[in-house]
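Thanks for coming. I have one structure to go through today, and I will keep it short.

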Amino acid sequence: MSHPHPELSAPPKLPKGGLRVIPLGGLGEVGRNMTVFEYDGRLLIVDCGVLFPDDHQPGVDLILPDFAAIRDRLDKVEALVLTHGHEDHIGATPYLLRERQDIPLVGSELTLALLNSKLREHRLRQTPFYTVKEGDKISFGPFDLEFVAVNHSIPDALAVAIRTGAGLVLHTGDFKMDQLPLDGRITDLRAFARLGEEGVDLFLTDSTNAEVPGFTTAERKITPVLEQAFAESKQRIIVACFASHVHRVQQVLDTAVKHNRKVAYVGRSMVRNMAIARDLGYLKVPPGVMVEAKELADLAPERQVLISTGSQGEPLSALARIAQRTHNFVHLEEGDTVVLASSLIPGNENAVYRVINGLARLGARVVHKGNALVHVSGHASAGELLYCYNIVKPRNVLPVHGEVRHMLANGDLAKQTGVENVVYAEDGVVVDLVDGVASVVGKVECGYVFVDGQSVGDVTESELKDRRILGEEGFISVIVVVDSVAGKVSAGPEIHARGHAWADSDFEPIKQPIVDAVNRSISEGSTDTYQLQQTVRRTIGRWVSNTHKRRPMIIPVVVEA
Ligand SMILES: [Zn+2]
Ligand SMILES: [Zn+2]
């Protein structure tokens with residue numbers, strides 16, 4: 001279990017006419033969003049995203065929602081609705097489709113286009129697509145869906161209303177209420193009001209910024225700050241942002257044109273996504289502004305702008321490689337400006353500051369969230385959430401998309417507006433809506449599923465613990481040969497160590513104590529090698545801890561001869 005709830009057991013059978021909500025990710029962490037709705041034996045899934053690993057999960061590429069709870073019922077899935085194109089909402093879709101390829105996918109034009117390029121990388125071509133836009137209604141089995149425009153840090157995001165015999169559910173997806181967005185497409189509060197008038201039985205709302213008072217700053221406020229960074233820069237400018245933040249890229253393109261600079265993209269996902277956004281008309285590229293990254297280098301530094309991935313410090317991203325001087329054609333010069341126009345996702349702090357320090361060490365001026373307004377959040381703050389509750393007037397609220405503290409803060413806001421029933425759930429905690437009342441009824445299995453290279457789900461928590469120990473404390477192997485007839489050590493210990501600055505001679509003082517401990521153990525009656533290995537482990541472990549203040553992984557091997 002990712003979030004154990006020992007007080008809960010498996011849920012009872014869903015009463016007829018009831019709607020079951022099974023969150024499989026995103027409730028208790030920011031990432032891997034996935035919620036399953038069950039009605040009359042049929043299933044509807046909303047979002048299927050990934051979570052990016054933090055420093056405590058070495059070697060893990062991605063973390064997926066746990067499909068175990070629905071694995072034997074995938075044939076009952078009517079559709080997968082994707083609210084928008086962010087990785088934490090679409091990234092795990094290929095892994096779900098590997099288990100059943102013909103699940104219908106429902107989403108807006110941009111969302112499905114971004115997802116499609118991902119599916120092609122996974123060689124998935126058999127999946128039916130249903131492109132929808134705000135105002136559209138479409139039914140899958142017993143689920144009648146209606147889509148509502150919401151404003152977020154990616155264009156074309158949708159909220160989804162789900163009507164079943166159990167009532168009306170409204171899921172906001174990720175949203176905020178920027179009143180003057182670059183594309184003029186605001187969160188449709190009139191639709192929210194109309195649904196509220198009809199009667200929203202269960203409202204699932206984005207909790208990410210519920211702790212932040214007031215209102216999220218408008219995207220437009222970033223333009224003058226970018227403008228200033230461009231005006232002050234005499235050399236090359238590198239802007240790093242999310243590869244899906246079309247409007248941020250738009251702002252950079254427009255500013256570059258004003259300052260007579262040319263722009264190139266670096267980073268595979270940036271190149272790919274911006275081509276999609278341009279082809280579909282979401283990104284308006286001013287004529288003549290774009291050049292290939294390699295051609296950009298031929299221009300004078302004061303005419304160059306690079307838009308790059310890696311704003312979260314991802315170690316293999318373009319920006320991280322630039323900071324480490326390992327990028328194959330972008331070489332940072334003293335006096336260059338680097339703008340990190342993105343948020344800092346919790347858990348990425350160390351990686352991001354490592355990159356910022358690397359860039360600063362090379363002489364770059366680094367403009368980031370900590371020293372300038374180069375990013376605004378994509379999520380509604382407390383003030384906006386209050387508006388929503390007052391407009392929708394839901395009967396029941398289930399805060400989603402956030403860590404526990406975010407969901408609790410969101411629930412508090414709902415209560416302040418008079419919502420009587422706020423239900424809190426984490427991943428795997430099952431909520432039933434029966435006769436208009438939502439309540440927690442049990443839990444299902446819901447762990448973290450780790451993707452490591454080609455392997456999905458093979459890496460376990462305990463292996464990750466091993467990797468952490470290996471990474472931080474190193475590794476010691478001890479081989480002892482025991483003469484089982486004579487009942488004492490006949491050769492060794494032979495000690496080898498890796499990962500910490502050990503020399504073989506460091507272990508001389510502990511060799512005799514190991515021999516003594518093993519001999520004593522045998523004379524006290526220990527006969528099997530497992531017990532003797534434990535003796536070896538304890539003896540050297542205690543010594544390393546006392547004398548070197550380290551706790552490496554110890555692999556004792558006792559051989560009988
Ligand atoms: Zn999002
Ligand atoms: Zn999200």
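I will take the whole chain, then a loop glycine, then a pocket, then a surface patch.

This is a predicted model, in which local features need pLDDT of at least 70, side-chain atom pairs count only at pLDDT 80 or more, and totals for chains, interfaces and linings use all residues. Residues are numbered from 1 along each chain as its sequence is written, chains are lettered from A and ligands numbered from 1 in the order in which they are written, and side-chain values use heavy atoms, with hydrogens and water left out.

First, the chain. It has 15 helices and 26 strands, taken as DSSP runs (helices H or I, at least four residues; strands E, at least two) and numbered from the N terminus. Along the principal axes, the C-alpha atoms fill a box of roughly 85 × 70 × 45 Å. Of the 561 residues, 55% count as buried; that is under 20% relative accessible area, with exposed over 50% and partly exposed in between, using a 1.4 Å probe and protein chains only. A contact is heavy atoms within 4.5 Å, and 72% of the contacts between residues at least 6 apart in sequence join residues at least 24 apart.

G378 gives a local case of that. Its place is in the loop between β17 (365-367) and α11 (382-392). Is G378 buried or exposed? G378 counts as buried because its relative accessible area is 5%. Leaving aside residues up to four places away in sequence, G378 touches H152, S153, F175 and K176. D178 is 200 residues away from G378 in sequence, yet their C-alpha atoms are 9.0 Å apart.

Next, the second largest pocket, with a volume of about 300 Å³. Its lining has 19 residues, and Y265, V271, V291, E292 and A293 are the closest to its centre. A pocket here, on a 1 Å grid over the protein atoms alone, is an open set of points where a 1.4 Å probe fits, with protein on both sides within 12 Å along at least five of seven lines; lining residues have an atom within 4 Å of a point. Which helix gives the most to the lining? That is α7, with four residues. β14 (262-266), α7 (268-279) and α8 (293-296) each supply at least two.

Last, strand β26 (residues 553-560), which supplies three residues of a nonpolar patch, the largest share. V559 lies in this strand, and V559 counts as partly exposed because its relative accessibility is 36%.

Terms used:
Points joined across faces, edges and corners; volume = space filled by probe spheres on them.
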